[in-house]
Amino acid sequence: MKRFVSLFFAVLMLATPVQAKSDVKLVVEEPFIEMRTGPGRGYPVYHVVEAGENITVTRRRTEWFEVIAPRGQKGWVHRDELELTLDPEGFAVRVEDSSFGTYSNRRFEFGVLDGEFGGADVISVYGAYALTPNLSTELSVSQGIGTFADNVFATANVTHQFFPDKRITPFFTLGGGVLRTSPNATLVEVEDRNDEIAFAGMGLRLYATRRMVLRAEYKTYVIFTSRDDNQEIDEWKAGFSFFF
């Protein structure tokens, strides 16, 4: 069992598309497994490894593994076939889903959120860069359309995720930016105004599937107006993002 656990984690190391630090040796259990010339079912099968023969796994690309056959042939095997092999101690190989591993190691993320900003409909687009597994920076641009005024605001913020290795995690964020307000006055001409804003917020992130993340958040804003009567506005939004 101890060896099985070791092998399991060794295969987990192959969850990234880069070269693994060490190769993993397995034994074919079923009558045969098929090796293809590339990582996809569109590539032709060019070699078959029969039951009882060894293969060496060298790296992983999504659901495909590059392996070396006993006589040196190199090809690609799908995850389903890799799970038809045994470790040298005779235990079945189980391969971890690669998508969540990619999520845990993501660097860039782009998303869209929709919700309400002080009673106005608002939509936001944002981009994020992960500094560490817990900490990321974000830039966003939002547009709010209300009954009495429309808003456009750009913000920068820092977000802290509490459990980045979990599929669902709460997060906390702090930031600031600039808000442009355009009143919808019809009887009296009112000038547009630009104000600085600061905000704090919290929310939940849920890893959905492959490269998609669902996100819901609440923020409370302070608008530093030139009229010496700062405003406070609440915002709710939900949406999705893709990571790379």
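Hi everyone, let me start inside the protein: S10 and strand S14 (212-224) each supply at least two residues of the lining of the second largest cavity. Strands here are DSSP runs of E, at least two residues long, numbered from the N terminus. A quick word on the source: this is a predicted model, where local features need pLDDT of at least 70 and side-chain atom pairs count only at pLDDT 80 or more, while totals for chains, interfaces and linings use all residues. Residues are numbered from 1 along each chain as its sequence is written, and side-chain values use heavy atoms, with hydrogens and water left out.

So what is a cavity here? On a 1 Å grid over the protein atoms alone, a cavity is a set of points where a 1.4 Å probe fits but cannot get out, and lining residues have an atom within 4 Å of a point. Points are joined across faces, edges and corners, and the volume is the space filled by probe spheres set on them.

Back to our second largest cavity, with about 40 Å³ of space. S14 gives the most to its lining, with 3 residues. By class, that makes 2 nonpolar, 2 polar and 5 charged residues. For the classes, Ala, Val, Leu, Ile, Met, Phe, Trp, Tyr, Cys and Pro count as nonpolar, Asp, Glu, Lys and Arg as charged, and the others, Gly among them, as polar.

Now, which residues join up in a network of salt bridges? They are Glu-138, Arg-215, Glu-217, Lys-219, Glu-235 and Lys-237. A salt bridge needs a side-chain nitrogen of Lys or Arg within 4 Å of a carboxyl oxygen of Asp or Glu. Lys-219 and Glu-217 meet at 3.4 Å, N to O, and Glu-235 and Lys-237 at 3.5 Å. Are these residues buried or exposed? Lys-219 is buried, at 4% relative accessible area, and Glu-217 is buried at 3%. Glu-235 is buried at 1%, and Lys-237 at 6%. Buried means under 20% relative accessible area, exposed over 50%, and partly exposed in between, with a 1.4 Å probe and protein chains only.

Arg-215 has another contact: it lies over the face of Tyr-126, 4.7 Å from the ring centre. The rule is NZ of Lys or CZ of Arg within 6 Å of the ring centre and within 35 degrees of the ring normal.

On to aromatic pairs, of which the whole structure has 8. Why is the pair of Phe-199 and Tyr-221 called tilted? Their ring centres are 5.1 Å apart and their planes are at 45°, so the pair counts as tilted. Rings of Phe, Tyr and Trp (its six-membered ring) pair if their centres lie within 6.5 Å; planes under 30 degrees apart are stacked, over 60 edge-to-face, and the rest tilted.

Last stop, the largest cavity, with about 90 Å³ of space. It has 14 lining residues, and the closest to its centre are Arg-106, Glu-109, Ala-128, Ser-136 and Gln-161. S9 gives the most to this lining, with 4 residues. The lining has 5 nonpolar, 3 polar and 6 charged residues.

Conventions:
1 Å grid on protein atoms, 1.4 Å probe; cavity = no way out; pocket = protein on both sides within 12 Å on 5 of 7 lines; lining within 4 Å.
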